[in-house]
Amino acid sequence: MGKQPPVPLLTNGKRSDGRLPSEHRPVRMEVGVINNAEGSALVAYGNTVILAAVYGPREVPQKHLELPDKAILRVRYHMTPFSTSEGRKSPTPSRREIEISKVIRTALEPAVILERFPRTAIDVYIEVLQADGSTRVTGITAASLALADAGIPMRDLLVGVSIGKVSGTIVVDLNQLEDQYGEGDMPLAIMYGRGLITLMQADGEWTPAEVSQAVDLAFKAAEQIYKLEKNTLKGKYVETSMSLTV
């Protein structure tokens, strides 16, 4: 952040990709995309494409790690070697990937009813297939959908939304340029049906008024994504029931 971008990030009220500050990129979703996983989802925020798969609940091989009163949630966030335009990425997990894995796990845990499955583990694998900004929040949405697709009881679906500050303007859903060159970045994870935030981070300088504006903007974006999540899950089971009755 703070470096000179290759193109203006905001011109005449429009962003480098033509969007308005409050405009989210198109969102695409699909569930049940991996046959050998308990649950899976493919989610795209614009050109950022994430695949999530869930396995479990299953036995914990290391008995000393299991919890007597709930399941442990294990999350791995990983960027595939071909996910960026900056050349081939090393397949070895980076410090950033390890950190984001922990952040996403922290965001997911309040939404998942882990108490239903004591002494087990639920594994969530998040693969970034294509990165164009906002990968962690796209991953949160994909992981939430995959957990629901796996039939894991949840208090509510989670929606990941990124908010940023570009040329002094608060914007929603950062693309790669805005992520790299903007003045601030604020990823959020929202249980929209309950009106709760399970993750809120912030890089850069934010005034109290800007934080309030950012949260309002995040909830407005989350509303539409939350509806799409529910419709995507319903669509799978409606199609399944129709095929069974034909």
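The following legends describe close-up views of a predicted model.

**View 1. Surroundings of Arg-25.**
Arg-25 is placed in the loop that runs between strand E2 (14-15) and strand E3 (27-31). With a relative accessibility of 6%, Arg-25 counts as buried. Its side chain makes a polar contact of 2.7 Å with the side chain of Asp-173, and the side chain of Arg-25 also reaches the backbone oxygen of Tyr-45 at 3.5 Å. Leaving aside neighbours within four places in sequence, the residues in contact with Arg-25 include Gly-46, Asn-47, Thr-48, Asp-132, Gly-133, Ser-134 and Leu-174.

**View 2. The largest nonpolar core.**
The largest nonpolar core has 61 residues, of which Ile-126, Leu-147, Val-161 and Ile-163 touch the most other members. Helix H4 (residues 208-245) gives the most to this core, namely 10 residues. Apart from this core lies another, made of 5 residues, among them Val-166, Val-171, Leu-174 and Tyr-181. When neighbours within four places in sequence are left aside, Ile-126 is in contact with residues including Ile-50, Leu-51, Ala-52, Val-75, Tyr-77, Ile-104 and Ala-143.

**View 3. The salt bridge of Glu-66 and Arg-119.**
Across the whole structure, 17 salt bridges are found. In one of them, Glu-66 pairs with Arg-119, and the closest N and O atoms are 3.0 Å apart. This pair links distant parts of the chain, 53 residues apart: Glu-66 is in the loop between strand E5 (48-59) and strand E6 (72-79), while Arg-119 is in the loop between helix H1 (95-108) and strand E7 (120-130). Glu-66 counts as buried at 16% relative accessibility, whereas Arg-119, at 45%, counts as partly exposed.

**View 4. The salt bridge of Arg-76 and Glu-127.**
A salt bridge of 2.2 Å, N to O, joins the side chains of Arg-76 and Glu-127. Because Arg-76 lies in strand E6 and Glu-127 in strand E7, the pair ties together parts that are 51 residues apart in sequence. Arg-76 is partly exposed, with 36% relative accessibility, but Glu-127 is buried, with a relative accessible area of 16%.

The side chains of Asp-149 and Lys-236 form a salt bridge (2.5 Å, N to O). Asp-149 belongs to helix H2 (residues 135-149) and Lys-236 to helix H4, so parts that are 87 residues apart in sequence are tied together by this pair. Asp-149 is buried, at 7% relative accessible area, and Lys-236 is partly exposed, at 26% relative accessibility. Elsewhere, salt bridges that share partners join Arg-15, Asp-17, Arg-19, Arg-25, Asp-132, Asp-173 and Glu-178 into one network.

Conventions:
Residues are numbered from 1 along each chain as its sequence is written. This is a predicted model: local features need pLDDT of at least 70, side-chain atom pairs count only at pLDDT 80 or more; totals for chains, interfaces and linings use all residues. Side-chain values use heavy atoms; hydrogens and water are left out. Helices (H or I, at least four residues) and strands (E, at least two) are DSSP runs, numbered from the N terminus. Buried means under 20% relative accessible area, exposed over 50%, partly exposed in between (1.4 Å probe, protein chains only). A polar contact is a pair of N or O atoms within 3.5 Å; within protein, one must be able to donate a hydrogen and the other to accept it, and residues adjacent in sequence count only if both atoms are side-chain atoms. Contact means heavy atoms within 4.5 Å. A nonpolar core is a set of buried Ala, Val, Leu, Ile, Met, Phe, Trp, Tyr and Cys residues joined through side-chain atoms within 4.5 Å. A salt bridge is a side-chain nitrogen of Lys or Arg within 4 Å of a carboxyl oxygen of Asp or Glu.
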